[in-house]
Amino acid sequence: MAAAAAAAAPALSLAEAAPVTAVLAPGPTPSRTFRRRSWVAAICRPALKCHHSRPLTAVAAAAAAAAAAGDSTSAGVFHGECFVVGDNIDTDQIIPAEHLTLVPSKPDEYRKLGSFAFVGLPTAAYPTPFVAPGEETTRYAVIIGGANFGCGSSREHAPVALGAAGARAVVAEGYARIFFRNSVATGEVYPLELADTGAWKECKTGDVVTVELDNCVMINHTSGKQYKLKPIGDAGPVIEAGGIFAYARKTGMIASKSA
């Protein structure tokens, strides 16, 4: 695993690494980690806030139209079928240790990593596979989970595997802090937190859902229910940029690759 991580990570000088290290320093809780960063104020980057500039019905209609056109993600709107899991889904269930030799920076191994996403789940409890046998990508754009999602050992491969499989967001009641940080640092998936509990018990795998970042809402079109989400905050722009290194280069915190 160490060799894989070393091969995937870009080399930085001590001067370049300092601001990145400051961004990834541990915070009090996952949902507040990035909202309290002094570097955010320094670069004057506004936080993503919830607003209702458009009716939710219009949002859902736009998402459905995008999905019909073959595009499940558009302007912070994620639409598609959901994959539902319960509480305490650990990183070994997301991507077992035997697959950590795969190097995400290599395109073929990145795709292969996605094909192994969630293979550690017990088939008795989860008879429907996240990625169908023989496929490299999943049909599920959104993952819905319970409390303490991403607990267990620290491995960046966990959010990378989900992103490589094609998932765009995880909507859970709560996260292990290291999974939340790794999701933001890699930019692979949006780790969105539910404002209330119980969604994973009410939603079923295969339900069609829309996640709308601006309105902080998840709509289950199959059941007709809506679920309020907590704002992603200043982690949003980092994920949108493609991860912490891409964001740091984009904002001038470290030199760009072309410099």
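Decide whether Glu-202 counts as buried, partly exposed or exposed, and find its salt-bridge partner.

*Solution.* Begin with the accessibility: Glu-202 has a relative accessibility of 40%, so it counts as partly exposed (buried is under 20% relative accessible area, exposed is over 50%, and partly exposed is in between, with a 1.4 Å probe and protein chains only). Before going on, please note that this is a predicted model, where local features need pLDDT of at least 70 and side-chain atom pairs count only at pLDDT 80 or more, while totals for chains, interfaces and linings use all residues. Residues are numbered from 1 along each chain as its sequence is written, and side-chain values use heavy atoms, with hydrogens and water left out.

Next, look for the partner. The side chain of Glu-202 meets that of Lys-225 in a salt bridge, at 3.7 Å from N to O (a salt bridge is a side-chain nitrogen of Lys or Arg within 4 Å of a carboxyl oxygen of Asp or Glu). Glu-202 sits in helix α9 (residues 199-202) and Lys-225 in strand β8, so this pair ties together parts 23 residues apart in sequence. Helices (H or I, at least four residues) and strands (E, at least two) are DSSP runs, numbered from the N terminus. Lys-225, at 40% relative accessibility, also counts as partly exposed.

**Exercise B: other salt bridges**

State how many salt bridges the whole structure holds, then work out which parts of the chain are tied together by Glu-81 and Arg-139.

*Solution.* Start with the count: a search of the whole structure gives 5 salt bridges. One of them joins Glu-81 to Arg-139, with the closest N and O atoms 2.8 Å apart. Glu-81 belongs to strand β2 (residues 77-84) and Arg-139 to the loop between α6 (107-115) and β3 (140-144), so the pair links parts 58 residues apart in sequence. Glu-81 is partly exposed at 21% relative accessibility, whereas Arg-139 is exposed at 56%.

Now take Lys-230 and Glu-193, whose closest N and O atoms are 3.2 Å apart in a salt bridge. Lys-230 is in the loop between β8 (225-228) and α10 (235-241), and Glu-193 is in strand β5 (residues 190-193), so parts 37 residues apart in sequence are tied together. Lys-230 is partly exposed at 34%, while Glu-193 is buried at 16%.

*Solution.* Finally, the C-alpha atoms of Val-170 and Glu-193 lie 8.2 Å apart, across 23 residues of sequence.

**Exercise D: the whole chain and its confidence**

Summarise the chain, then find where pLDDT stays under 50.

*Solution.* The chain has 11 helices and 8 strands, and 47% of its 259 residues are buried. Of the contacts with a separation of 6 or more, 71% join residues 24 or more positions apart. Where pLDDT is low, the predicted coordinates should not be read in detail.

How values were computed:
Contact = heavy atoms within 4.5 Å. pLDDT = per-residue confidence, 0-100.
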